[in-house]
Amino acid sequence: MKNLLDFFRSSDKKDTITTQPDDTQDNNKTLDSNTNTTPNDDKKDTAPIDTDDAQSIQATVSSDSDKNAISTDDSKNDTNTVTDDIQDIKDKDDAVPATDKDTIPETIEDIEPTIDVNAPDIRLKTSIEDESGYVVGFSMQGRSHIVSGIGCQDYHAYETIAPGWNLAITSDGAGSAREAERGSKANCELAIRLVRQLIESKKWAENNYFPTELEWYIEIRNIFELIQAIIQSSATKQAQSYAENKKNELAEAEELLKNTTNDKQKSRLYNRINNLKSDLEKPLEARDFNATLILMLITPQGMLTAHIGDGRMGYLDNNNNWKALMTPHKGEEASATVFIPNNWNAQREVPAFTMSGAYLPEVKVVKEKPKAFVLMSDGCESITWRFYAQDKQTGRYYDPNEPFAGFFNPLLDEMNDAADKEARVDRMIEIINVGTTAGRQEQDDRTMIFGVLK
C-alpha cells in the first residue's frame, strides 16, 4: 500500500459490485459488456423515468433564434436547435412516476438502535474499463442523512453515445426538496436521452462535427429547459396520488407509534408524523424535485460542458495540469444555489441570468481531449478542490476554483494500480468516505465520476 495522504485508514465497510443484467431496451442500455452500474436494490429506488415515457420523448429540430443567450464572436448559423412542443408534454405519461412510499419499520425491532456514520448506503456505483481507459463513479449517503435516516439524494450517469463520444453527468438533490432523490435521477436519465437524441439528429458523431460555443449553448439550454418542463408537468400530474400515499404513510406511522414504548423511537416517529402532516399541507410542486445538473460530453476533438447549480468539474490537460471546467452557481447565503426546476430561464430582457458571474447555464467548449476528468457534487469538494483563499491585498476571501493536484495525482496513481474495476470503485469510495480528515467530517451526500483516457 502506498502512502496516499492519510487515505490508508482501514474501513470496516467493504462494498461489493455486481454486474447489472444487460438491458434489452435500446434507449436504456449502458455502455457495453464491460459496464457495471449497480444501484442499491435494497433502497427500492424508483426509476424517475418510465421506460415507455422516455422512449416517447420526441425532441425535434426547429428554428429558435431567440435563444442566442450568450455573447460570442462566432457568427455561425445558430438556428438549428433541439426543442420540443411543451404543450405535448402535458399529454404524455408521467416522466417522474409516483415514488414508492417511504419504508416504515413493521416492528420496533426493525429500527436500528445504533448508527455508524462511516458506513453509508451506496445508492449507485459505476465501474467501466475497456481499451480506451476506465471510469469509476459513485453516489453515497452523507453522514447527516445517515443520522436522520434519509437516503442519498445524489445521482450520476455515464454512457457512450457513439464511439469516442462519452457522456458523464452528476446531479445533487436539494436537501430542502421533498423529492430530491427522484429529481436527481430524473435529471441524469433525461439528460442522457436528450443529449443522445441531439447527437443523432444533428449527426455530430457521424460527421465528426465539433460545435461552436454558441451552438452548444443553444442546444444544451434547450435540453435543460425541456427537462425543466417535463418535471413541472410530472409534478402537476402526480399531486393527487402523492397526497394519497402520504395519508397512508401517516396512518401506518400513527399505528406504529401506539405500540412503541422506547422514548428515542417515539421521538423519531413523532418527527416522522409531523413531517408527513407538513407534506399533506403542501401540494406536490416542481421545486420538490430540485436538483443540480453537471454534464460533460467528451468527443474525439475535445470537451463540451454545461451545468446548472453548484459542484465541481475539471480535467487533467496534456501538460499534466489540473484545470477547472465550471464556476459553481452559488448565492449570497451559505449552500444557496439554483436547480433545474427553478425559474432560471424566466427573464428574457437580458441575454441570460448570471450567478457567481457565470451564465445559467454555464457552458464551455474545450478543443483538447483530457488525460483524466472529474465531475462531483459539492459534498466532495472539501478534500479535492482549492475553493477558499484570502486575497493578501484586500483581505477578502474568494474561491480560487482550482483542483487540488496534491489529491488528484496520488488518486490517479492509486486508481491506475487497482487490481480490477470492482476493486477500483470500492477503493475510490473508501478514499472519499474515510481517507482524509476532511472526508471523515463531511456531512453531505457525495457523488463523483472520475475517468482516465488512454
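Me: Is Y158 buried or exposed?
Reply: This is a predicted model, in which local features need pLDDT of at least 70, side-chain atom pairs count only at pLDDT 80 or more, and totals for chains, interfaces and linings use all residues. Residues are numbered from 1 along each chain as its sequence is written, and side-chain values use heavy atoms, with hydrogens and water left out. Buried means under 20% relative accessible area, exposed over 50%, and partly exposed in between (1.4 Å probe, protein chains only). The relative accessible area of Y158 is 8%, so Y158 is buried.

Me: Which residue forms a stacked aromatic pair with Y158?
Reply: Rings of Phe, Tyr and Trp (its six-membered ring) pair if their centres lie within 6.5 Å; planes under 30 degrees apart count as stacked, over 60 as edge-to-face and the rest as tilted. The structure holds nine aromatic pairs. In one of them the centres are 6.4 Å apart with 15° between the planes, and the partner of Y158 is F373.

Me: How many residues apart are Y158 and F373?
Reply: Strands are DSSP runs of E with at least two residues, helices are runs of H or I with at least four, and both are numbered from the N terminus. Y158 is in strand β6 (residues 154-162) and F373 in strand β15 (residues 372-376). The pair links distant parts of the chain, and the separation is 215 residues.

Me: How many residues of α9 are buried?
Reply: The buried residues include K421, R424 and V434. α9 is mostly covered, and of its 14 residues the buried ones number eleven.

Me: Which ring does the charged end of R424 sit over?
Reply: A charge sits over a ring if NZ of Lys or CZ of Arg is within 6 Å of the ring centre and within 35 degrees of the ring normal. The charged end of R424 is 3.9 Å from the centre of a ring, and that ring belongs to Y134.

Me: Where is S241, and is S241 buried or partly exposed?
Reply: S241 lies in helix α5 (residues 213-258). Its relative accessibility is 27%, so S241 counts as partly exposed.
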